[in-house]
Structure formats: C-alpha cells, structure tokens
Amino acid sequence: MDASEVIDLRIVFRKVWDRKMLFVKVWVITFIVACVFILPQPRTYQTSLTLAPEMGGQSAGGSLLSIASSFGIDIGGQQSADAFYPELYPDLMSTNEFLVDLLYVPVQSIDNEIDTTYLVYMTKMQQKNPLSLPYRWVKKQILTVVGEAPKPINVERRINPRRLTKEEDGLVNKLRDNILCDVDVKTSVITITVKDQDPLICVTIADSARLSLQRFITEYRTSKARVDMDYYKHLLDSAKIEYDASLRAYSNFCDSHQNVILQAYASERDELENEMQTRLSAYNAMQTQYQVAKAKVQERTPAFTLLKAATVPVKASSPKRMIFVAAMLFLSTVVTVFILLRKELGGQLFATQED
C-alpha cells in the first residue's frame, strides 16, 4: 500500500488536540441548544398488559392447553372453530368504532387536576412543545388563507365513526398510534400497549381497551346462543300466557258448575282440564329449553386470564433526554472533526486519485 493512501492517526489526533478549545465551545453550544430543544418536549408514559383468552371449540383437554398458553408454552392441539380468531384482534382494535368508544371513557390524571372524558382530554388538555408555537401559528394562518382552517371538535356531540371530519380522523389516527395490540401467534397471548402524557390515564385507557376487547369477544362467541335463548324466552312467555288462559277457563267453568251432574258439562270440564294439562306440559317443556339455552350462553362465554396487569409507570418512556443530548454531542463532534480535517482528507483523496 502506498504511503499516500495511509491516514496517520497521530497527525489527526494532534490536529484535533491543538483545537481542543474549539471542541469545548462546540460541546457547550450543542449541549445548551439540545437542552433548550428537548426539555420543553412533553413527556409520554407507556404501560402494557398481557391477556390470555380461552380458545373456542376446546375439548376436555382445553383447560390444560389454556393453562399452558398462559405460561407461553405451545403444546399443540389448540384449534379454534371461530371465524374471529386471535390474529384479528389487532385489526379490531384499530377500527374507528373501537377507538371512538374509548374516547368516552372517564379519565382522571395522577395529580387529580383532570377529571373528564378521554375525548376532552385529548382535544383540549394535551401538552405541546412551546417552541413549536410559531410553526403551528404559521401553519394555521396558511390553512386559513387557503380556506382549510381546522375546526375544533365538538365534544358535546357523539362522534360518528363512519363519518369522521378531518379533525376527528386526525384524532382517531393519533389514538391508533398510541394504542397498540399484539398477539403471539403460537400462544395467542394478547399484549395491549398504551402511550399517553399522564401515567394514570395511560393505565385507565389500557384497562378500558382490555374490557372493550373482552366484551366484543364475549358478544361474538355467545351471539348464536343468545339468539337461541331469546327465542326460547319468547316461546316460554307465550306458553305461560296460554297456560294461564286455559287455567282461568277451567277454574271459571268448575266454579260455575259445581252442582251440575249432566254428562255434557262433565265432558266439557274434562276437555278444559286436558287442554290445561297440555298447556302446562308445553310450558314446562319451554322452561326446560330456556334453562338449557341459558346454560349454553354461559358455556360459550370465554374466560380471560390476565397474565400481567397494567401498572402506573414511574418513568417516562419518551423522549430519552440524556440519549438525545449525548447523540447531539457525538454528532457535533463528528461534524467538527470532519470540518477540521476536510482539507487534509480531501488533499489525500485527490492525491490518491492522481496516482
């Protein structure tokens, strides 16, 4: 290798050391600018919970499979006949209907200064970096000039998830980024992660998202059984009305013909009694069917095992202030070294190309 192609690190270190005061000035300025930029940035907190749902269509060994999946173990044989399988849960939680429902959850901040709905909190109480105020003001003026000025969200009106305004769509997209759901394809364990500026509100929304997901899964799994139960309840009510009517007719006839011994009256009495007994049998049969349907609903209701509950985070998850400042100091050092040695490095590069 030619000597002109070798960079003498001693020369580089000597040149850098000779300008050490320049580096001190760059570091001080970079540190101040980085702190001024990152310190006003609102801090966000993150919490997560894990949930193990009971799989549909399990046999006698389903309990063992569910317990094994709770510990992250896949022993096979775990199948579901449901069309709505766990891998679709993240898609459900990202829908407008699911996210809009969460906007009306009551929330309270950890310092008890905020006690309102999540919609009001997200639209009117979010902290913003004051350094971005000039940018936001200029953007608002430009949108006003072009006739696209943002309109405030009406918190008194129920948001229609199927017909969102531009501002409502932006809010729902923000929720979609802050509320995440992940499902382990092997064990079907659900992990719900929520980010927010207040640690207590973060936990509240995580629990609310879990309850909403459980409610949707339960309603889906029991939908057919609940339809059957409502059907048998209707038949039971009808059978009860018919039985009561036949019982009153039989009782009235017997009361009004106590001393009558004619065979015609006896035959009519027996006919009314037989009809009453038939209505009673039908009523008892419908009552049995209704109880079976109620038991079927309970059987189809899935059980959920909360493996890890959402806890109030102690430390903020972002921004990473120390990491950001350290990264800016490193970047400023690299840029400064490159500027100081650009002539030497450029001259050596040109010399190498000529050779």
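Colleague: How many salt bridges does the structure hold?

Modeller: Nine salt bridges, where that term stands for a side-chain nitrogen of Lys or Arg within 4 Å of a carboxyl oxygen of Asp or Glu. Bear in mind that this is a predicted model, where local features need pLDDT of at least 70 and side-chain atom pairs count only at pLDDT 80 or more, while totals for chains, interfaces and linings use all residues. Residues are numbered from 1 along each chain as its sequence is written, and side-chain values use heavy atoms, with hydrogens and water left out.

Colleague: Which residue forms a salt bridge with Asp101?

Modeller: Arg158 does, and the closest N and O atoms are 3.0 Å apart. The two are 57 residues apart, with Arg158 in the loop between H7 and H8 and Asp101 in helix H5 (residues 96–102). Helices here are DSSP runs of H or I with at least four residues, strands are runs of E with at least two, and both are numbered from the N terminus.

Colleague: And Arg157, what does its side chain meet?

Modeller: Glu168, in a salt bridge of 2.7 Å, N to O. Arg157 sits in the loop between H7 and H8 and Glu168 in helix H8, so this pair ties together parts eleven residues apart in sequence.

Colleague: Is Glu168 buried or exposed?

Modeller: Buried, at a relative accessible area of 2%. Arg157 is partly exposed at 36%. The cut-offs are under 20% for buried and over 50% for exposed, with partly exposed in between (1.4 Å probe, protein chains only).

Colleague: Switching to the sheet: what's the strand order?

Modeller: S4-S5-S1-S6, an open sheet of four strands with antiparallel pairing; two strands pair if DSSP finds at least two bridges between them.

Colleague: Which strands stand at the edges?

Modeller: S4 (179–183) and S6 (304–308); each has a single partner strand, so one side of each lacks a neighbour in the sheet. S1 (residues 45–53) pairs with S6 over four bridges, and Thr50 stands opposite Lys308 in S6.

Colleague: Which helix packs on the sheet and touches S4?

Modeller: H8 (residues 166–178), which also touches strand S5 (190–196) and makes about 45° with the direction of S4. Touching means contact, heavy atoms within 4.5 Å. Angles run from 0 to 180 degrees between N-to-C directions, with axes fitted to C-alpha atoms, for helices over the stretch in contact.

Colleague: Last one: how many helices and strands are there in the protein?

Modeller: Twelve helices and six strands.
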